[in-house]
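Student: I have the sequence and the fold open. Can we work through them together, one question at a time?

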Amino acid sequence: MLLEFRTKNYKSFVEEASFSMVAAPKQKGLDYSLMKIKIKGKEIKGLSSSVIYGPNASGKTNIIGAMDVFRAIVLRGNIRNSEEKSSPNPAAVALELIPNNNETEGKPVLFAVEFYEEEGEDQFRILYELEMDLGTFLDEKYSRKIVSETLFVNGEPIFQRADDLHIGTMKTIKAYLSDAMEKNVESVREIAENSLVQDELFLTNGFRLIFSQKFTKLIVDWFTNKFMIIYRADSMQLIKRFADSKKKAVYVEKTTDKAAKLFGINSNAVGYVVNEDEPDAKLYSIFQNTKNQKSAAIAAEIFESYGTIRFINMFPLVIKAIQIGGILVVDEFDASIHPMALMSIINVFHNDEINIHHAQLIFNTHNPIFLNSNLFRRDEIKFVERDDESHRSILYALSDFGTTGDKGVRKHEDYMGKYFISQYGAIKDIDFTPIFEEILDREEEV
C-alpha cells in the first residue's frame, strides 16, 4: 500500500510536492474507501483511490512521471542514463530532462516514497528517500552524484547516507540480515562505508551485498511488481511489462476476454501473440471461421477502436492490482473509455469484499464526472495548478480547504459546480475567439 510519494525539483514541481494516500484527519464519509492496517498498535488509514485534476500543461502528468522516474532509478540501481530508449517517459531514460528548464543553477532533485508491505507475518512501514545532484536542464555531461539516501523501517533508521554513511541498529529487520553482518558487525560497517559510489544507490548495491539481500529484494519487488505506473495514455501497448510473461505463441486470457465481451468487443476473442523475434506481446482479435473451423488472428490496432484496445490492455493490470495489492497509477485513465466502464473499475477498488489485498488506483483526468461526493472523499481528490509567470506547479487536495469559511468544502456539496466557478483553483479560462478574429482581420486586409 502506497502511503506517500514526495518530489522536489522535478520538472515543473520546483517546491516539494507531497502526494498522500493516507486519510486526512477529521474527514468523514465513504469509509468503504479506507483501508485500515496496524503497525505497532498504531492504526493507519490508507486511501484506496485518488483522482488528479488540473488544466492542460499544469503538471498532472509530471506527478505520474516523477513516480515512474523514481521507479526506473531504483530498478537500475544508479543515476546514470539508461540504454533503454523505448520508454514512454524520456526523463526516466535521460535524467538531464528532469531539472526545471527555467532554473539557471542546479538544485538537488528529491524523490521519496513511503509504503506498507508484508512479508509472511512481518509488517513493514518503509520510507525510502533519494536526493540527487543532476546539474541543470539538458546538462548531459554533468558529473551526477547522490546527495543523500535514507531508509527507515517502522520509524527506525536503517541507514542514512550523505557525505558519510550512518548505519542504524537494524533491529526492525534483524531476521533479514546476512550471516556476515551478524558475525562481524564492525568490519562490515567499515566495508559498507568504503562501498559508496557517487552515482550508485547504496540500497541496491552496498546494502544489498553487505547487509541484507533479502530485505532489499522485498523493496525492489514492491517497485517491480506492485508500483504499476502507466505514463502517457498513448503508451498502453507497453504495459505488458507488468503482466505475467507467457511462452505460448498465442494465448487468450479468459478473464480479460470475458471483460472485453462485456465492454462490447466485436471479435470472437482477444489474445496476445508472441513472436520469437519481438520482445513484446502484441494484441490480436481472434476470429473463428465457421466453415473450416479455423481461427484467424488480426492485429487489434487494425480491427478494434483505440478505446477498446486501451481497455483490453489495461484490464489485466486492474486484475493484477486487485490480486496482489498493487498500486495502479494511470495517466488519463478515462481516455477513450466510456464512463460506465471506468465507474465499474473504480467501484472494484472501493469494494471491501473484493479489494481484500489493499490495492490502490491513482489517475489523472479532465473528466468532471468524478468530482462527486458520493464517489470520492475530499482527501482522494487532488488538484495541480501551475503559475503563469513562474511556470511552477503546486499540488493540493480538496480536503486542504477545510470545512469552514468562504472556501470551506463540506461533505455533500456540489464539487463539480464549485470547480467550474474556480472555487478550488486548478482551472483555466480559455477563449480562442481572439485568435480567429485576428485571422479574419488579416484575410480582410488581403
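Student: Ala57: buried or exposed?

Tutor: This is a predicted model, where local features need pLDDT of at least 70, side-chain atom pairs count only at pLDDT 80 or more, and totals for chains, interfaces and linings use all residues. Residues are numbered from 1 along each chain as its sequence is written, and side-chain values use heavy atoms, with hydrogens and water left out. Buried means under 20% relative accessible area, exposed over 50%, and partly exposed in between (1.4 Å probe, protein chains only). Ala57 has 62% relative accessibility, so Ala57 counts as exposed.

Student: Where does Ala57 sit, and what is its phi?

Tutor: Helices (H or I, at least four residues) and strands (E, at least two) are DSSP runs, numbered from the N terminus. Ala57 is in the loop between β5 (49-53) and α1. Its phi is positive although the residue is not glycine, with a value near 65°.

Student: Asn9: buried or exposed?

Tutor: Asn9 is in the loop between β1 and β2. Asn9 is not a glycine, yet has a positive phi of about 60°. Its relative accessibility is 7%, so Asn9 counts as buried.

Student: Which residues line the largest cavity?

Tutor: A cavity is a set of points on a 1 Å grid over the protein atoms alone where a 1.4 Å probe fits but cannot get out, and lining residues have an atom within 4 Å of a point. Grid points are joined across faces, edges and corners, and a volume is the space filled by probe spheres set on the points. The structure has three cavities of 30 Å³ or more, and the largest holds about 50 Å³. Its lining is Asn9, Pro99, Asn100, Glu103, Glu105, Gly106, Lys107, Gly135, Thr136 and Phe137.

Student: How many nonpolar, polar and charged residues are in that lining?

Tutor: Ala, Val, Leu, Ile, Met, Phe, Trp, Tyr, Cys and Pro count as nonpolar, Asp, Glu, Lys and Arg as charged, and the others, Gly among them, as polar. By that scheme the lining has two nonpolar, five polar and three charged residues.

Student: Which turn residue of the β6-β7 hairpin has a positive phi?

Tutor: β6 and β7 run antiparallel and are joined by 11 bridges. Glu119 stands opposite Asp122 in β7. Two residues lie between the strands, and the turn residue with a positive phi, about 65°, is Gly120.

Student: Which strands stand at the edges of the six-stranded sheet?

Tutor: The order in this open sheet is β11-β16-β17-β5-β18-β19, and the pairing is mixed.

Student: Phe370: buried or exposed?

Tutor: Phe370 lies in the loop between β17 (360-364) and β18 (381-386). Phe370 touches residues including Val51, Tyr53, Leu342 and Phe363, not counting residues up to four places away in sequence. At 0% relative accessibility, Phe370 counts as buried.

Student: At what angle do the axes of α5 and α6 cross?

Tutor: Among the residues that meet are Phe207 and Phe211 in α5, with Ile219 and Val220 in α6. The residues of this contact divide into five nonpolar, three polar and one charged. The axes of α5 (residues 203-211) and α6 come within 7 Å and cross at roughly 145°.

Terms used: On a 1 Å grid over the protein atoms alone, a cavity is a set of points where a 1.4 Å probe fits but cannot get out, and a pocket is an open set with protein on both sides within 12 Å along at least five of seven lines; lining residues have an atom within 4 Å of a point. Contact means heavy atoms within 4.5 Å. Two strands pair if DSSP finds at least two bridges between them. Axes are lines fitted to C-alpha atoms, for helices over the stretch in contact, and angles run from 0 to 180 degrees between N-to-C directions.
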